Amino acid sequence: MTNDFSPAMMTDMYEYTMLDAAMQDGTADRRCVFEVFTRHLPAGRRYGIAAGLGRILEMLQDFRPSESDLRFLRDRHVVSERTAKWLEDFRFSGTIRAYPEGEAFFANSPILQVEGTFGECTLLETLILSVLNYDSAIASAASRMTSAAGDRPCMDMGGRRTNESAAVAAARAAIVGGFAGTANLAAAKKYDLVCIGTAAHAFTLLHDDERDAFVSQINALGPGTTLLTDTYNIEQAITTAVEVAGPQLGGIRIDSGDLASLAQKARKQLDSLGATNTKITVTNDLDEYALAALATAPVDSYGVGTMLVTGSGHPTCAMVYKLTEREGADGEMHGVAKKSFGKSTDGWRKRALRCYQYGLAQGELVVCGSAEKLAAYEPDHDVYGDTKDLLITAVDHGDVDESLTGHEALLAARDRHRRALDELPVTALSLSQGEQAIPTEVITLNR
C-alpha cells in the first residue's frame with residue numbers, strides 16, 4: 001500500500017497537542033506504561049483472536065513525520081517549533097509487549113503494552129488502536145467461520161466490500177483466523193498469500209452463449225479451472241461445463257440460491273457425468289451461521305466476502321489505550337487508573353497468564369503490579385494449576401523483533417490460532433449466545 005503520508009500521521013490531533021504541552025511543562029520524558037485492552041467482548045462472542053501486531057511492527061519502523069508532515073503541523077499550529085524540532089529526529093525507543101498474533105483474548109486481557117517516555121508512547125495510540133481493533137475483529141470473525149467450516153478451506157473475497165487499504169489488512173487478518181487465501185492481489189503480493197480467482201458473471205454475459213464463455217476460459221486457464229455455473233441455469237451449465245472441459249474439470253462455483261440443495265444436486269449431476277473429482281465452491285454473503293448450516297452439504301470450499309471484512313457484524317473490538325503506570329516527580333513509578341463510571345481501569349502494568357488443567361484452559365489471570373513484583377510473582381499451583389505467560393516482547397528498547405513480521409510469521413500466527421482454539425473449552429466454538437469461554441480474574445499486588 002502506498003500513501004502520501006507516513007504512519008506518524010495516522011494519529012488524532014490530540015496526540016500531538018498532548019506531546020507539545022508535555023514538552024513545555026517538562027513531563028514528556030516521564031517513563032510510562034500504556035496498555036491496550038477491551039472491557040468486553042462483542043455480544044455473543046466467546047473469545048477474540050489477536051491480530052495486527054505484525055502490521056504495527058512494520059509501520060513502527062517508519063513512524064516518523066516527514067518534512068511535509070512537519071510543515072503541516074507547523075502551519076496548522078498543532079505543535080510548537082520546539083516540538084517540531086524534537087520530531088525531526090523521532091524514533092521510537094521504547095518496549096512493546098503483546099499477545100502474539102493468533103492467541104485468544106478475553107475481556108480485560110492486556111493485549112498490548114507500550115513502555116517508554118510519555119512523548120513517544122502517546123503518539124502511537126491511534127495507529128495501534130486502529131490496527132488492533134480492525135485486524136482482531138476480522139481475525140475473530142474468520143476464526144468463527146473457519147471453525148464452522150471444519151476441514152473445508154475458506155477464501156477471502158471481500159476486497160470490494162470495504163476500502164482498498166482495509167481490504168489488504170482484512171486479507172492478512174483472515175489468514176491469522178484460519179483462512180487459506182485471498183482474491184486480493186495486493187494482499188497476495190505483500191504477504192505472499194495463496195491467491196484465487198477465475199471469472200465473474202460478466203465474462204459469461206460478454207459471450208454470445210455460455211458454452212463460448214466456458215470454452216474461452218478453459219482455453220486460457222486449462223480444464224483445471226473453476227467455472228461459474230449460476231448465470232443462467234445451473235443444471236445446464238454443469239452439463240455444458242463437463243462437455244467442454246471433460247471429466248477432469250477442476251471445479252464449479254455457485255453464487256446464488258439455496259446453496260445446500262444446489263450443491264447436493266450439483267454433486268449428484270457431476271458424479272453422473274463422470275466428473276467425480278470436480279470440486280464445488282459456494283459463495284454469496286456467507287457468514288459463520290451459513291457455513292454451519294452447510295456442514296452436511298457436499299461443498300469443498302467457501303468464498304467469504306462482506307461478512308468477513310465487516311467482522312461479521314462486529315467491525316471493531318472496542319479496544320482502548322490507557323495509561324496504567326507513570327513516573328512521578330519523585331522519580332518512582334506509580335500505578336494510575338481512571339475511576340469514571342463505566343470506564344474505570346486497573347492501575348499498574350500487567351502480567352497475563354493462561355491457567356490450565358490437563359492442557360485445557362480454565363481461566364485468564366491478569367496480575368497488576370510494579371515490574372519488580374510482577375517478576376517475582378508465582379501463581380499458586382493449587383489454585384491456578386499450570387500457567388503460561390501470554391505477553392511476548394515484540395520491541396525491545398526500539399529494536400523490532402523482525403521474526404514477528406512477514407510471511408512465515410503470518411503462517412505461524414495461523415498455527416497458533418489452531419492451538420489456541422484446541423486449548424479452549426469446546427463451548428468456545430458454539431455460535432449461540434453465551435459468556436466468554438473462560439473467566440478473567442484480575443488481582444493487584446501493589447496497594
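Predicted model: local features only at pLDDT ≥ 70, side-chain atom pairs only at ≥ 80, totals over all residues.
User: How do you know how many helices and strands the chain has?

Analyst: Helices are DSSP runs of H or I with at least four residues and strands are runs of E with at least two, numbered from the N terminus; the chain comes to 17 helices and 19 strands. Its C-alpha trace spans about 85 × 60 × 35 Å along the principal axes.

User: Why is Arg 354 called buried?

Analyst: Buried means under 20% relative accessible area, exposed means over 50%, and partly exposed lies in between, with a 1.4 Å probe and protein chains only. Arg 354 has 0% relative accessibility, and therefore counts as buried. This residue is found in strand 14 (residues 350–357), and of the 447 residues of the chain, 53% count as buried.

User: What makes the pairing of Arg 354 and Glu 103 a polar contact?

Analyst: A polar contact is a pair of N or O atoms within 3.5 Å, where within protein one atom must be able to donate a hydrogen and the other to accept it, and residues adjacent in sequence count only if both atoms are side-chain atoms. The side chains of Arg 354 and Glu 103 are joined at 3.0 Å, and the side chain of Arg 354 also reaches the backbone oxygen of Ala 104, at 2.8 Å.

User: Which other residues are in contact with Arg 354?

Analyst: Contact means heavy atoms within 4.5 Å. Leaving aside neighbours within four places in sequence, the partners of Arg 354 include Tyr 99, Phe 106, Asp 386, Lys 388 and Ile 438. For the chain, among contacts between residues at least 6 apart in sequence, 74% join residues at least 24 apart.

User: How do you know which strands pair with strand 1?

Analyst: Two strands pair if DSSP finds at least two bridges between them. Strand 1 (residues 31–38) pairs in the antiparallel sense with strand 5 (residues 112–117) over six bridges, and with strand 12 (residues 319–327), again antiparallel, over seven bridges. Val 36 stands opposite Leu 112 in strand 5, whereas Thr 38 stands opposite Met 319 in strand 12.

User: What makes strand 1 mostly covered?

Analyst: Seven of the eight residues of strand 1 are buried.

User: Why are strand 7 and strand 8 said to stand at the edges of their sheet?

Analyst: The open sheet has six strands in the order 7-6-11-10-9-8, with parallel pairing. Strand 7 (181–182) and strand 8 (226–228) each have a single partner strand, so one side of each is left without a neighbour in the sheet. Within this order, strand 6 (residues 154–156) is joined to strand 11 (residues 301–304) by three bridges, and Cys 154 stands opposite Tyr 302 in strand 11.

User: How do you know where the two domains of the chain lie?

Analyst: The bounds come from an automatic or database domain assignment, which gives domain 1 (25–55 + 94–139 + 314–444) and domain 2 (198–299). The C-alpha centres of domain 1 and domain 2 lie 44 Å apart.

Technical notes: Residues numbered from 1 in each chain as written. Heavy atoms only, no water.
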